[in-house]
Amino acid sequence: MLQIVPNTDTQFTAVRAIAFEVWPKTYGAILSKEQLDYMLGKMYSVAALQEQVNQKKHHFILVQDHGATVGFASYEHNANDSGKTKIHKIYILSSQQGKGTGKTLIDYIQEKAHVYGDKALFLNVNKYNSAVQFYQKIGFEIAKDEVIDIGNGFVMDDYVMEKQL
């Protein structure tokens, strides 16, 4: 049985473990090893995750299956004063994919966004990530293309996808 719980670990042990397991599988054929290492270090250091929560007001949630953490997400209400909730991160262990876990996380975030009064959900996804089809299947639409310079000579080549509430 799936259960959503807030992340209370200031060291982000489960979040980091999942990210470091999932990222190479998800992005290994899309990004260079150098870019993967750079992005994981930049986005998933304990200090970076603490900053995301404390300064940027991201909410981290874990999804557990029979007590074992099998995925996580982070989101921000009224991102950039848009009246929309941004899903910053959503990652599920490969052994858990295809079982409704991602949809459970999205549904939870959607409910929180609705209560908060936001009018839509949005997220960035790599254009070559197979998750694009998952997001489309659950009601997201491609709103625009976006190339983001993340430093060190690397960019993220994304779609911004949006779902109206």
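**Close-up views of a predicted model**

**View 1. The largest nonpolar core.** Of the 43 residues in the largest nonpolar core, those that touch the most other members are Trp23, Tyr44, Phe72, Tyr135 and Phe140. Helix α1 (residues 13–27) gives the most to this core, contributing six residues. A nonpolar core is here a set of buried Ala, Val, Leu, Ile, Met, Phe, Trp, Tyr and Cys residues joined through side-chain atoms within 4.5 Å. Buried denotes under 20% relative accessible area, exposed over 50%, and partly exposed the range in between, with a 1.4 Å probe and protein chains only. Helices (H or I, at least four residues) and strands (E, at least two) are DSSP runs numbered from the N terminus. The model is predicted: local features need pLDDT of at least 70 and side-chain atom pairs count only at pLDDT 80 or more, while totals for chains, interfaces and linings use all residues. Residues are numbered from 1 along each chain as its sequence is written, and side-chain values use heavy atoms, with hydrogens and water left out.

**View 2. Surroundings of tryptophan 23.** Not counting residues up to four places away in sequence, tryptophan 23 touches Gly28, Leu36, Met39, Leu40, Met43, Tyr44 and Tyr91; contact means heavy atoms within 4.5 Å. Ring pairs also link Trp23 into a cluster with Tyr27, Tyr44, Phe72 and Tyr91.

**View 3. Aromatic pairs.** A search of the whole structure finds ten aromatic pairs. One of them, formed by phenylalanine 72 and tyrosine 91, is tilted, at 5.9 Å centre to centre and with 45 degrees between the planes. Phenylalanine 72 lies in strand β3 and tyrosine 91 in strand β4 (residues 85–92), so the pair ties together parts that are 19 residues apart in sequence. Phenylalanine 72 counts as buried because its relative accessibility is 0%, and tyrosine 91 is buried with a relative accessible area of 12%. The rings of tyrosine 135 and phenylalanine 140 have centres 5.6 Å apart and planes at 65 degrees, and the pair is therefore edge-to-face. Both tyrosine 135 and phenylalanine 140 are buried. Rings of Phe, Tyr and Trp (its six-membered ring) pair if their centres lie within 6.5 Å; planes under 30 degrees apart count as stacked, over 60 as edge-to-face and the rest as tilted.

**View 4. Glutamate 76, a buried acidic residue.** Glutamate 76 is located in strand β3 (residues 68–76). Although buried, glutamate 76 has no salt bridge, and the nearest side chain of opposite charge, that of lysine 86, is 6.8 Å away. In assigning charge, Lys and Arg count as positive and Asp and Glu as negative, whereas His and the chain ends are not counted. The side chain of glutamate 76 does form a polar contact of 2.7 Å with that of histidine 88. A polar contact is a pair of N or O atoms within 3.5 Å; within protein, one must be able to donate a hydrogen and the other to accept it, and residues adjacent in sequence count only if both atoms are side-chain atoms. Apart from neighbours within four places in sequence, glutamate 76 is in contact with Lys56, Lys57, His58, Lys84, Thr85, Lys86 and His88.

**View 5. Salt bridges.** Seven salt bridges are found in a search of the whole structure, each being a side-chain nitrogen of Lys or Arg within 4 Å of a carboxyl oxygen of Asp or Glu. Among them, lysine 33 pairs with aspartate 37, the closest N and O atoms being 2.7 Å apart. Both residues lie in helix α2 (residues 33–44), four residues apart, about one turn of the helix. Lysine 33 is exposed at a relative accessible area of 56%, whereas aspartate 37 is partly exposed at 43% relative accessibility. A second salt bridge joins glutamate 162 and lysine 84 (3.0 Å, N to O). This pair links distant parts of the chain, with glutamate 162 in strand β7 (residues 154–164) and lysine 84 in the loop between β3 and β4, 78 residues apart. Lys127, Asp145 and Asp157 are linked in a network of salt bridges.

**View 6. Positive phi in two loops.** Most residues other than glycine have a negative phi. Histidine 66, in the loop between β2 (59–65) and β3, has a positive phi near 50 degrees. Asparagine 80, in the loop between β3 and β4, has a positive phi of about 55 degrees. Histidine 66 is exposed, with a relative accessible area of 71%, and asparagine 80 is exposed at 69%.
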